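Let's take a friendly walk through this model, strand by strand and then charge by charge. The sequence and structure come next.

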Amino acid sequence: MSPPVCRCSEQVRKLTQQASVMRREIKNLRQQMDGSIRAHRKQMSSLQSMLTDCVKHNDRLQSVSKSPSQSPSGMNQLLEQGCIQTVPIGYISSCFAVKTGTPRQPTVCSASRASLKIEPSVFNNPEHSLVGLEQYSHIWIIFLFHKNGQMSYKAKVKPPRLNGQRVGVYSTRSPHRPNALGLTLAKLERIAGDTLHLSGVDIIAGTPVLDIKPYIPDYDSPKTRTDDTNSEYKQTSLFTDPMDLDEEPDTLEASSEPSSELSVCPATASDLSCSERSGSCEVTHVLAEVKNYLKQRQLFAENTDEVKNTDAPEGASAGTNPLSSSSLKFGHEDYSTIAAWVRAPPVSNLDVRFTANAEKELKEFVPCDSTDSTRPKFQFLKGPEEAVAAIHGILSADPRSVYRRTRCQDRLFFFTLDTADITCWFGDNFAEVVRVKPVQSSELTNVV
């Protein structure tokens, strides 16, 4: 009979391994607990600061909302401190019921429609406040981002078009701002009593509107302002040779001969027909831009010569030149400048297509003014063609968030347009609509 084999050493080894694993697990738990404690303390500190600000704000409001506030001096004190109580002048009724699928800018979906009814609590006769507004084609709408879900905000945000890159909140149109105010430009279709009918909107139903103002290109467009500064040049060049640019650099000498073809013959104002005047205005407008550009080139050349003539130290960087060739601008760039990612974002537009079934379902919808009660009916849109244009605008701009675009495996996307529930999916550089169904009757109240 063989003697029993002692397995104590093997058991000790296994127990040692289990103990080491437990130590690692305990260490991980301690690290997670420390991280949770730090996050909790940070949240509590943030809540405490927010509560402190709220208390101070309420105390300030209570101090100025007493009897002195009823007097003109009290109201002036409110205005000077910036503590005013805003009252919505009306609420938007839109073809967009929820945030999902709503365009981020008004030009994305020009076929979208909405209406705004002025509240009778603001004016006894709301329609009187709209007298004269029918003379304008577009209006500014100042509204409140009431669906932010929270009042928190950060100094840097991630615009969807930048695909996750961070920029300052004030260089974007993010809704999460210290004051959750929005500004959009809408086309004024018509006015019926106390109600404005709009198109090209990017606002969801129920949005509180704080104010509306007419859009006036003479005041609101930098292009128009620049044109006004060149008005003297345009008026003088109408009856003279438009290419008389003796003060310009010698770079125009090579093109002096063909310039005579564009010259306007001397004539009196009465001899010019309307078409000739409009043509001359267009020519002088282009020539004014050319003259502006050439002035920039001349200034750039003179500045470059001065830098060359100075005793600059060796190895001096050419980037120190305040004027560079990249600063020369022409056309619309001469009127205003914007961030490069706005016109050339890292996220490209998508191709939009419909399945045969989706096209068939969409054609079942009738316009908003139809009397057919047997088929689904739009509330704002004027027919399937307008709905197709709206869907194209929404999906081509990729309405998904950066998270859903880069990390989420689910490629299905759902959104509501007017009285239609849209189902689509996203592939590589395209979006395909697969189903269009009428919204349920219980959901229609959200659209109104």
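## Strand pairing around β6

Two strands count as paired if DSSP finds at least two bridges between them. Helices (H or I, at least four residues) and strands (E, at least two) are DSSP runs, numbered from the N terminus. This is a predicted model, in which local features need pLDDT of at least 70, side-chain atom pairs count only at pLDDT 80 or more, and totals for chains, interfaces and linings use all residues. Residues are numbered from 1 along each chain as its sequence is written, and side-chain values use heavy atoms, with hydrogens and water left out.

Strand β6 (residues 181-192) pairs with strand β3 (residues 138-144) through 7 bridges in the antiparallel sense. Within this pairing, Trp140 stands opposite Leu185 of β6. Strand β6 also runs antiparallel to strand β7 (residues 195-199), joined to it by 5 bridges, and here Lys187 faces Ser199 in β7. The hairpin of β6 and β7 has 2 residues between its strands, and Gly193 takes a positive phi near 70 degrees there.

## Salt bridges

A salt bridge here is a side-chain nitrogen of Lys or Arg within 4 Å of a carboxyl oxygen of Asp or Glu. By this rule there are 8 salt bridges. One of them joins Arg113 and Glu189, whose closest N and O atoms are 3.9 Å apart. Arg113 belongs to strand β2 (residues 113-118) and Glu189 to strand β6, so this pair links distant parts of the chain, 76 residues apart. For burial, the cut-offs are under 20% relative accessible area for buried, over 50% for exposed, and partly exposed in between (1.4 Å probe, protein chains only). Arg113 is buried at 13%, while Glu189 is partly exposed at 35%.

Glu361 and Lys437 also meet in a salt bridge, at 3.4 Å from N to O. Because Glu361 lies in helix α9 (residues 356-363) and Lys437 in strand β12 (residues 430-438), the pair ties together parts that are 76 residues apart in sequence. Glu361 is buried at 13% relative accessibility, and Lys437 is partly exposed at 37%.

A further salt bridge links Arg405 to Asp398, with closest N and O atoms 3.2 Å apart. Both partners are buried: Arg405 has a relative accessible area of 17%, and Asp398 has 2%. Shared partners also join Arg113, Glu189 and Glu386 into one salt-bridge network.

## Cysteines

How many disulfides does the structure hold? With a disulfide taken as a pair of cysteine sulfur atoms within 2.5 Å, the count is 0. Cys8 is partly exposed at 46% relative accessible area, and Cys408 is partly exposed at 27%.
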